[in-house]
Amino acid sequence: MHPLTLGFLELLAPTHCPGCDTPLPWRQEGFCTVCAPLLERRKSGPGAYEFGGPMADAVRRFKYAGRLDLARPLARLMVPALRRWEGSDLVISFIPLHKTRLRQRGYDQAQLLARELSKHLELPLQPTLERARFRSPQAVLSEKARATNIRGAFKSLPDTPKRIVLIDDVWTTGSTLTEARRVLKESGAELVVLRTLATVPE
Ligand SMILES: [Zn+2]
């Protein structure tokens, strides 16, 4: 479908609560009045919210159910934690999917979040990494296996920016994001801020 047509249809279609999928009143966006009080905002660390309850449902819907429309309300929840860099010299980037997985899913959820954040914060969006080879999905591995599995998973793209906010959807053990930061620093980045929508509680 032509992107303009899609934009027009989005205007007409009701928005839905990312947590329970209830249609929201006209022009409202975000979690409904039932789900919103159940969200747990985090005061520190890379994730804006605890991964659980309606947030876990929202992430599953966004990642695995083709719900690209949730990128906007979910990215908006990450804005407060990133406000201090609004209009600064940082570049927004993201953890890319492997191209095999991108083909399966059809979209890269971290890229969609990063794109929305780039608009909100008036920071340029730039891909900085690619997946070097196909790995077992991190979600099925133990913590120790994840750390080994991820080593060498990324290659940096040319022209690594000096200062980067690196976006992903969920912080689990952090092995993916910290490996990505290591690779970017090796390629000349001086500051790599890691930010996710949610953090899985330990
Ligand atoms: Zn809801």
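A residue is called buried here if 20 or more other C-beta atoms lie within 10 Å of its own, exposed if 12 or fewer do, and partly exposed in between, with C-beta atoms placed from the backbone. By that rule, buried residues make up 37% of the 202 residues in the chain.

This is a predicted model, in which local features need pLDDT of at least 70 and side-chain atom pairs count only at pLDDT 80 or more, while totals for chains, interfaces and linings use all residues. Residues are numbered from 1 along each chain as its sequence is written.

**The chain as a whole**

Helices (H or I, at least four residues) and strands (E, at least two) are DSSP runs numbered from the N terminus. The chain has seven helices and six strands, and from the N terminus on they run α-β-α-α-β-α-α-β-α-β-β-α-β. Two residues are in contact if their C-beta atoms, placed from the backbone, lie within 7 Å. Among contacts between residues at least 6 apart in sequence, 70% join residues at least 24 apart.

**Helix 3 and its partners**

Let's begin with helix 3, where Ala71, Pro73, Leu74, Ala75, Leu77, Met78, Ala81 and Leu82 are buried. These buried residues pack against strand 1, helix 2 (53-64), helix 5, strand 5 and strand 6 (191-199).

Two packed helices are described by the angle between their axes and the distance between the axes. Axes are lines fitted to C-alpha atoms, for helices over the stretch in contact, and angles run from 0 to 180 degrees between N-to-C directions. Helix 3 (residues 71-82) and helix 5 (residues 109-121) pack at about 55°, with axes 9 Å apart. That makes helix 3 oblique to helix 5; angles under 35 degrees count as roughly parallel, over 145 as roughly antiparallel, 65 to 115 as roughly perpendicular and the rest as oblique. On the helix 3 side, the contact is made by Ala71, Arg72, Leu74, Ala75, Arg76, Met78, Val79 and Leu82, and on the helix 5 side by Leu112, Leu113, Glu116, Leu117, His120 and Leu121.

**Two helix lengths**

The expected span of a helix is 1.5 Å times one less than its number of residues. In both rows below, the distance between the end C-alpha atoms agrees with that expectation.

In helix 7, the buried residues are Ser175, Thr176, Leu177, Glu179, Ala180, Val183 and Leu184. Helix 7 is followed by Gly188, whose phi is positive, near 110°.

**Loop residues worth a look**

Most residues other than glycine have a negative phi. Arg27, however, has a positive phi near 70°. Arg27 is in the loop between helix 1 (3-12) and strand 1 (47-50), and counts as exposed because it has 8 C-beta neighbours inside 10 Å. Asp159 has a positive phi near 60° and lies in the loop between strand 4 (154-156) and strand 5 (163-171). With 9 C-beta neighbours inside 10 Å, Asp159 counts as exposed.

Cys35 is found in the loop between helix 1 and strand 1, yet Cys35 counts as buried because it has 20 C-beta neighbours inside 10 Å. Leaving aside residues up to four places away in sequence, Cys35 touches Cys17, Gly19, Cys20 and Pro54. The C-alpha atoms of Cys35 and Cys17 are separated by 8.1 Å, and the two residues are 18 residues apart along the chain.
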